[in-house]
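Colleague: Could you walk me through this one? I'd like to go over a few parts of it together.

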Amino acid sequence: MKRSITRLLMAPSVIMLLVWMIIPLSMTIYFSTIRYNLLYPGQNNFVGWMNFEFFITDPGFIPAVSNTLILLLSVLIITVVVGVMLSALIDKPFFGQGIVRVLLISPFFIMPTVNALIWKNMMMNPVYGIFAWISESLGFEPIDWLSSYPLMSVIIMVSWQWLPFAILVFVTALQSQDTEQKEAAQMDGATGWHIFRYLTIPHLARPIAVVVMIETIFLLAVFAEIFVSTGGGPGYDSTNLAYLIYNQALLQYDVGVASAGGLFAVLLANIVAIFLIRAVGKNLTV
Amino acid sequence: MTLNQQRKLKTILTGLFAWTVALVLFFPIFWMFITSFKTELQAISVPPSLFFEPTLDNFRIVQERSDYLHHAWNSVVTSFGSTIIALIIAIPAAYSMAFFPGKRTKDILLWMLSTKMLPAVGVLVPIYILCRNYGLLDSKTALVIIFTLMNLPIIVWMLFSYFKDLPKEILEAARMDGATPWDEVVKVVLPLSVGAISSTALLSIVLCWNEAFWSLNLTASDAAPLTAMIASYSSPEGLFWAKLSAASTLACAPIVIFGWFCQKQLVQGLTFGAVK
């Protein structure tokens, strides 16, 4: 087929994504250099780097960046490590496997807003929550999760959503593992740990890369869980970049500063993406 | 203990363990479901009550208060609409990249995926202002456009990985028999990849259904999908967990049940064919 036709077939996707990327991005760049507060219309003079300075010196900036990274790394580590261990343990036929699969994947389908509401009210509420009831039955003081450990609460919610995804991907991958190889290793006296370390882990390299990549895309942008549960607080304890920018733009009406923040988020995402593509990219087939 | 008994014991232990993990992870959903049939008093009783007389009042009140069906319809329209549009745009692109790869195909794919890395907050303000200027705030059109573009990279990538694994000989044979490129796609490629396309569509529908950032920021009531309806229940005034649970159950039930039926396909789709 002629090159021109193949180009024509790709054109709609490429052009739409280009437009989707370039127009808003250039508008963001433009807004970030002018004074633009919705409360003071008409005063849109050029201010240079002031918005960036303002955003970076905001007391919420450092906490937001570190919270974003802590959230990303913790959830990645929890879902990948726990996911690999659990899936290695349940990777054998047992009674009711189909039902277990269905139960396991369910949290992945729960919308983030509902996820946050369930955990905030029914699990973590210090008076009526299930956690409070458990710790009281065991004779401990109930913990007020959302105000004492806000970031950890968000991490729990997000991990709950993504762990099932990781487990299912890994279980599916393990089913294609060569059993003869495993048996041969056993004959040669390899222990369970050796098989896990030298056969299972390498076999999972690609699935792990896929899980890390997909999760990173979604974890950098966690918003609804924070919006619904902690509202970023107390203080900035559970504010991530997404939430901080939202705060600037829609609650303080400062479009200029919010745009500067948005550009910073783009920058951070790109840094993470570069690391990521280096680390796991070679495991992804293109 | 004989070897056989040992094996049996191992199977039982594995099963017990797997069931425990599954039940623990499923518990919050189960609890939400149970709570939606309680009265408000039962919902906050300490210790939590497991046995009670179920009531359907909460569901009735939710429908009255926030018109569930209206928001559910919005969710259906935006998720299915954007998925269909995205597929129409993505299939030709994935096809041409998979069967006629050029020098830059790999770069284009990576670039597409990198647009997914662009955080939504980075472009929230301009999109909000564009929508406001064109009167698209609180409209389903805006959500459909955004959802389409949001999922396009993943859809192209997933379809590409499937098409790439189709045997090229079949296409060549079809061409020998005088098939036009159009015939090739419609009569050969598409029938062979019904499974792939449907699992891609599934994933896209799930992602759209649960998308919260854009729907919370760009809609108010007319076009608000279920995610936005639920957020309106998050205000702290008073304890009305039973109604909240009913609303949540209603919001999640369609997609969870949908997902249960398609979970196998979905996992295979989600992994870009990396897991066979």
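Predicted model: local features only at pLDDT ≥ 70, side-chain atom pairs only at ≥ 80, totals over all residues.

Colleague: How many residues of chain A are in contact with chain B?

Modeller: On chain A there are 80 residues in contact with 81 residues of chain B. Helix α1 of chain A, residues 3-32, supplies the largest share of the side of chain A that touches chain B, namely 16 residues.

Colleague: And how does that side of chain A divide into nonpolar, polar and charged?

Modeller: The side of chain A that touches chain B has 65 nonpolar residues, twelve polar ones and three charged ones.

Colleague: What does UniProt list as "transmembrane region" in chain A?

Modeller: The UniProt entry, which is unreviewed, lists residues 9-31, 69-90, 102-119, 151-174, 207-230 and 250-277 of chain A under that heading. In the model, residues 9-31 of chain A are 100% helix and 0% strand, with end C-alpha atoms 35 Å apart. Residues 151-174 of chain A are likewise 100% helix and 0% strand, and there the end C-alpha atoms lie 33 Å apart.

Colleague: Switching to chain B, which residues of α5(B) are buried?

Modeller: In α5(B), which covers residues 105-117, the buried residues are B:Leu109, B:Met112, B:Lys116 and B:Met117. Looking down the axis of α5(B), these buried residues fall within an arc of 165°, so they line one face of the helix.

Colleague: Where is the kink in α6(B) centred?

Modeller: The kink in α6(B) is centred on B:Pro126 and amounts to about 30°.

Colleague: Is α6(B) mostly covered or mostly open?

Modeller: α6(B) is mostly covered, with ten of its 14 residues buried, and B:Pro126 is one of the buried residues, as are B:Tyr128 and B:Cys131. After α6(B) comes B:Gly135, which has a positive phi near 65°.

Colleague: Last topic, B:Trp209: buried or exposed?

Modeller: B:Trp209, which sits in helix α10 of chain B, residues 194-210, has 25 other C-beta atoms within 10 Å; the cut-off for buried is 20 or more, so B:Trp209 counts as buried.

Colleague: What is B:Trp209 in contact with, leaving aside its neighbours within four places in sequence?

Modeller: With those neighbours left aside, B:Trp209 is in contact with B:Ser75, B:Ser79 and B:Ile255, and also with A:Met111 from the other chain. B:Asn74 lies 135 residues from B:Trp209 in sequence, while their C-alpha atoms are 9.7 Å apart in space.

Conventions. Residues numbered from 1 in each chain as written. Chains lettered and ligands numbered in written order. Helix = DSSP H or I, 4+ residues; strand = E, 2+ residues; numbered from the N terminus. Expected span 1.5 Å × (residues − 1). Buried ≥ 20, exposed ≤ 12 C-beta atoms within 10 Å, placed from the backbone. Arc of directions from axis to C-beta. UniProt positions renumbered as here; feature names shortened; annotations may be inferred. Contact = placed C-beta atoms within 7 Å. Nonpolar A, V, L, I, M, F, W, Y, C, P; charged D, E, K, R; others polar. Bend = angle between axes of the 7 residues up to and from the residue.
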